[in-house]
Amino acid sequence: MIAQQAVAAEVHVLNWKGYGADEPWAVAAFEKATGNKVVNDFFNSEQEMLTKLRTNPGLYDVVMINAAFNDQATTEGLIQPIDVSGIANYKDLGPEKAQSPLLNHDGKIYGVPWVWGLTSIAVNDKAFDKTPTSIQVMWDEAHKGRVVLRDDALEAIQFGAIATGQDINDIKDMEAVKAKLASLMPQIRTFWGAENDWNQMVAANQIDVGTYWSGSAGRAKKNFKLPVTFVVPEEGAVGWLDAFSIPTGSKNVDGALAFIDYMIDPAFYVEWDNKVGAPVSANVKAVAELPADAFNRAVMGDPEVASRIRFQAPVSDADRERYLQIWQDLKVNVQ
């Protein structure tokens, strides 16, 4: 149980909008339990998140950072070491996530694993008699003009790497990736930017298949009753790990620790997944409390599925620039 604080204080949280931390019922429960008032701010990309940390030193107390960006935030001095003795639920985190070298630097902890998930493909069930098992369905001419990709250079390049049988973290043949993605461009209806965009297109029956996030697909099915099925294809999928960090200069570290503890608590997670749909908790006790047939337990916990997942590693600035140029060149060919 989180101890009641005598004096109310603000906890400034920087996260994606609609991503757990700003659920009204969760905010209300946390505020009632701790006396802290949550003030949410949002970003639309990891680069925007880093920019907000750089330009607003001392403003935020908690920030959600994709683990692949934690090293950059640490190197730039944007986040500070975390004393996890103040986080009661930390002990129940899966050790492979808690001990990830992406979150631990020089013997210090800079990120507390929160949730993980996949970037893969999701399909509009109305377009398929049988759910596809291969990523190559994106190139099937039967779905021409009804395929979508997220407008994100890194995601697109890694998707192309999977489609060409390559390691997303060690792409040997970039020309093959470019050629594969170029051949996909005639199939594309549009490039999506927000979860709501993807869901609206399915609701209007405008698309058949597209890249999507596992947690978002779960929300689409559970929250909005959309005919969406998430697919972990035989070729593999991109894995990502999201973690909470404490920005350098936080004015309410105690409140930040309490907030992180609440976010990784099984009670919050199970309610989040049941009410809204969520990625997979890094807390093994939380996952164990889900129904045995729940997607995040039955599918995401399947060792065979796990063998097809490749988690994102940090990407250099030079590679990011290269990927962005390739992506911009590819998009020119889409009318």
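Q: In E12, which residue is the bridge partner of Pro 113?
A: The bridge partner of Pro 113 in E12 is Ala 243. This is a predicted model, in which local features need pLDDT of at least 70, side-chain atom pairs count only at pLDDT 80 or more, and totals for chains, interfaces and linings use all residues. Residues are numbered from 1 along each chain as its sequence is written, and side-chain values use heavy atoms, with hydrogens and water left out.

Q: What do labels such as E and H stand for?
A: They mark DSSP runs numbered from the N terminus: helices (H or I) have at least four residues, and strands (E) have at least two.

Q: How many bridges join E7 to E12, and in which sense do they run?
A: Strand E7 (residues 112-124) is joined to E12 by 7 bridges, and the two run antiparallel. Two strands are said to pair if DSSP finds at least two bridges between them.

Q: Which other strands pair with E12?
A: Strand E3 (residues 62-66) runs antiparallel to E12 with 4 bridges, and Val 63 stands opposite Ser 245 in E12. Strand E4 (residues 79-80) is also antiparallel to E12, over 2 bridges, with Ile 79 opposite Pro 247. Strand E14 (residues 309-311) pairs with E12 in the parallel sense over 3 bridges, where Ala 237 has Ile 309 as its bridge partner.

Q: Is E12 largely enclosed or exposed?
A: Strand E12 (residues 237-247) is largely enclosed by the rest of the structure, because 11 of its 11 residues are buried. Buried means under 20% relative accessible area, exposed means over 50%, and partly exposed lies in between, with a 1.4 Å probe and protein chains only.

Q: Which way do its residues point?
A: Ala 237, Gly 239, Leu 241, Ala 243, Ser 245 and Pro 247 point one way from E12, while Val 238, Trp 240, Asp 242, Phe 244 and Ile 246 point the other way. In a regular strand, side chains alternate between the two faces of the sheet.

Q: Moving to helices: at what angle do H5 and H14 cross?
A: The axes of H5 (residues 153-163) and H14 (residues 317-331) cross at roughly 80° and come within 8 Å. Axes are lines fitted to C-alpha atoms, for helices over the stretch in contact, and angles run from 0 to 180 degrees between N-to-C directions. H5 and H14 are therefore roughly perpendicular to each other. Angles of 65 to 115 degrees count as roughly perpendicular, under 35 as roughly parallel, over 145 as roughly antiparallel and the rest as oblique.

Q: Which residues of H5 and H14 meet there?
A: Ala 153, Leu 154, Ala 156 and Ile 157 of H5 meet Arg 320, Tyr 323, Leu 324, Ile 326 and Trp 327 of H14. The residues of this contact of H5 with H14 divide into 8 nonpolar, no polar and 1 charged. Ala, Val, Leu, Ile, Met, Phe, Trp, Tyr, Cys and Pro count as nonpolar, Asp, Glu, Lys and Arg as charged, and the others, Gly among them, as polar.

Q: And how do H5 and H6 pack?
A: H5 and H6 pack at an angle of about 100°, with their axes 9 Å apart. That makes H5 roughly perpendicular to H6.

Q: Which residues of H6 are buried?
A: In H6 (residues 174-184), Met 174, Val 177, Leu 181 and Leu 184 are buried. They cover an arc of only 80° around the axis, which puts them on the same side of H6; the arc is that of the directions from the helix axis to the C-beta atoms. Their cover includes strand E8 (147-150), H5, strand E9 (188-192) and H14.

Q: New topic: what does Arg 146 touch?
A: Not counting residues up to four places away in sequence, Arg 146 touches Asn 124, Gln 187, Arg 189, Asn 205, Gln 206, Ile 207, Asp 208 and Val 209. Contact here means heavy atoms within 4.5 Å. Arg 146 lies in the loop between E7 and E8 and is partly exposed, with a relative accessible area of 23%.

Q: Last one: what is the phi of Asp 106, and where is this residue?
A: Asp 106 has a phi near 55°, a positive value in a residue other than glycine. Asp 106 sits in the loop between strand E5 (104-105) and strand E6 (108-109), and is exposed, with a relative accessible area of 80%. Most residues other than glycine have a negative phi.
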